[in-house]
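Colleague: I am new to this structure and would like to learn how to read its features one at a time. Could you give me the general idea first and then the case at hand?

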Amino acid sequence: MIDLHSHVLPDLDDGARDVAEALALVQSMAVDGISIVCGTPHVRDDFPTSPDGMERALAVLRRAVADAGIAIEVRGGGEVALERLASLDAETRARFGLGSNPGLLLLETPYVSWPADFPRQCAHLQQEGVVPVIAHPERNAYVQDRPELLGDCVRAGAVVQLTAASLDGRLGRGPANCARRLIELELAHCVASDAHGPGGREAGLSSAVAALGGGELATWLTFDVPAALLEGKELPTRPGKERSRRAIRPWRLPGRGRETRHRKGLG
């Protein structure tokens with residue numbers, strides 16, 4: 001499995017507090033069956049992570065993982081709050097690229113509001129050759145009431161990421177019901193841990209797979225789509241239904257020349 005969203009990088013936000021805690025979390029992820037994890041610290045007013053800080057923490061954790069002999073690859077990224085997006089220049093945004101890929105950007109869904117311009121922001125990123133990945137929208141009260149709100153974002157170019165703890169019920173009935181409804185509506189494309197630490201904020205991708213009943217759809221959500229995103233490839237066909245090419249891929253991937261540069265940027 002591939003985990004596109006975690007707070008495993010040490011001493012940056014409300015995730016792993018130090019290298020020891022980060023290493024313990026990485027070890028639990030490896031045991032859970034994760035082969036690649038992206039460290040995506042918050043980039044927002046209360047945790048104003050810088051690209052330099054993220055990259056330093058990534059280097060420290062990678063060395064610790066290698067020294068410990070843990071069979072997992074750690075990549076970088078950032079979980080960017082919408083209110084901070086406009087203040088990031090192209091270079092800074094690229095350094096926060098999800099999985100160390102400048103062609104992907106993880107956006108944090110607000111918890112207490114639904115921005116009317118969210119689809120426009122997704123479309124703007126697409127126009128600049130960046131695929132927006134929307135983190136945990138099922139935890140937003142507006143989306144829980146109206147899951148179809150995400151439709152405009154997906155049509156504007158976004159990929160939607162659900163949290164494992166929503167699917168397996170650790171975050172309560174509202175997120176669980178909404179996550180399943182988004183899957184039914186084909187408005188969800190991948191599942192990640194959003195792991196912060198032990199307990200309810202741990203990884204648990206395998207428990208989300210179990211909650212989905214395993215099978216091809218669970219593999220698509222936890223491996224096939226994340227792998228395609230990191231490699232800059234078109235998303236694979238969603239299993240279980242014959243679908244048109246347009247229905248499978250409502251977003252527009254960057255052009256071939258830019259895609260090649262993205263692949264070279266993979267860390």
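Colleague: Which residues of α1 are buried?

Modeller: Buried means under 20% relative accessible area, exposed means over 50%, and partly exposed lies in between, with a 1.4 Å probe and protein chains only. In this predicted model, the buried residues of α1 are Glu21, Ala22, Leu25, Val26, Met29 and Asp32. They lie on the same side of α1, because they cover an arc of only 135° around the axis, the arc being that of the directions from the helix axis to the C-beta atoms. An α-helix has 3.6 residues a turn, so residues three or four places apart point the same way.

Residues are numbered from 1 along each chain as its sequence is written, and side-chain values use heavy atoms, with hydrogens and water left out. As this is a predicted model, local features need pLDDT of at least 70 and side-chain atom pairs count only at pLDDT 80 or more, whereas totals for chains, interfaces and linings use all residues.

Colleague: What does the buried side of α1 pack against, and which exposed residues does the face turned away from it carry?

Modeller: Packing is read from contacts, meaning heavy atoms within 4.5 Å. The buried residues of α1 pack against β1 (2-6), β2 (36-39), α2 (51-68) and α10 (205-211), while the face turned away carries the exposed residues Ala20 and Val31. The element names follow DSSP runs numbered from the N terminus, with helices (H or I) of at least four residues and strands (E) of at least two.

Colleague: Which residues other than glycine have a positive phi, for instance near 60° or near 40°?

Modeller: Asp11 has a phi near 60° and His136 has one near 40°. Asp11 is found in the loop between β1 and α1 and is exposed, with a relative accessible area of 61%. His136, in the loop between β8 and α6, is buried, with a relative accessible area of 1%.

Colleague: Where does Glu138 lie, and how far away is the nearest side chain of opposite charge?

Modeller: For charge, Lys and Arg count as positive and Asp and Glu as negative, while His and the chain ends are not counted; a salt bridge is a side-chain nitrogen of Lys or Arg within 4 Å of a carboxyl oxygen of Asp or Glu. Glu138 lies in the loop between β8 (131-135) and α6 (141-145). Glu138 is buried yet has no salt bridge, and the nearest side chain of opposite charge, Arg139, is 5.1 Å away. The side chain of Glu138 does reach the backbone nitrogen of Thr163 at 3.0 Å.

Colleague: How many helices and strands does the chain have?

Modeller: The chain comes to 13 helices and 10 strands, and buried residues make up 56% of its 267 residues.

Notes
A polar contact is a pair of N or O atoms within 3.5 Å; within protein, one must be able to donate a hydrogen and the other to accept it, and residues adjacent in sequence count only if both atoms are side-chain atoms.
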